[in-house]
Amino acid sequence: MFFFTFIYKLMILSFFNIVSQTFLDTFNCNWTATAYVYTLVDDSSIECFSDYHTKIALASLLCIIAYYPLSSYAMPNFQFA
């Protein structure tokens with residue numbers, strides 16, 4: 001049981017920032033474009049507010065809504081195990 005809680009806690013601590021940042025990157029548009037065609041900072045092939053961007057932003061928002069409470073709930077439960 002010790003190794004399970006140790007590995008689980010290590011995964012939550014190490015992946016929380018990476019997963020959260022990945023979900024939040026879908027909302028990071030490059031607003032300094034000169035041709036009024038705004039794209040994502042990390043992927044310039046995706047135009048902001050296009051149909052595809054709206055779909056991935058909605059999916060990302062749903063994942064954030066599901067992931068953050070679960071990870072916030074799981075961490076304190078294993079902290080004192």
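These questions and answers cover aromatic ring pairs in a predicted model.

Residues are numbered from 1 along each chain as its sequence is written. Local features need pLDDT of at least 70, side-chain atom pairs count only at pLDDT 80 or more, totals for chains, interfaces and linings use all residues, and side-chain values use heavy atoms, with hydrogens and water left out.

Visitor: How many aromatic pairs are there?
Guide: Rings of Phe, Tyr and Trp (its six-membered ring) pair if their centres lie within 6.5 Å. By this rule, the count is five.

Visitor: Are the rings of Phe16 and Tyr67 stacked or edge-to-face?
Guide: Planes under 30 degrees apart count as stacked, over 60 as edge-to-face and the rest as tilted. Here the centres are 6.0 Å apart and the planes at 20°, so the pair is stacked.

Visitor: How many residues apart in sequence are the parts that Phe16 and Tyr67 tie together?
Guide: Helices are DSSP runs (H or I, at least four residues), numbered from the N terminus. Phe16 lies in helix α1 (residues 2–24) and Tyr67 in helix α2 (residues 51–79), so the parts are apart in sequence by 51 residues.

Visitor: Is Phe23 buried or exposed?
Guide: Buried means under 20% relative accessible area, exposed over 50%, partly exposed in between (1.4 Å probe, protein chains only). Phe23 has a relative accessible area of 19%, so Phe23 is buried.

Visitor: Which residues do ring pairs link into a cluster?
Guide: Phe16 is one of them. The cluster links Phe16, Phe23, Tyr67 and Tyr68.

Methods:
Helices (H or I, at least four residues) and strands (E, at least two) are DSSP runs, numbered from the N terminus.
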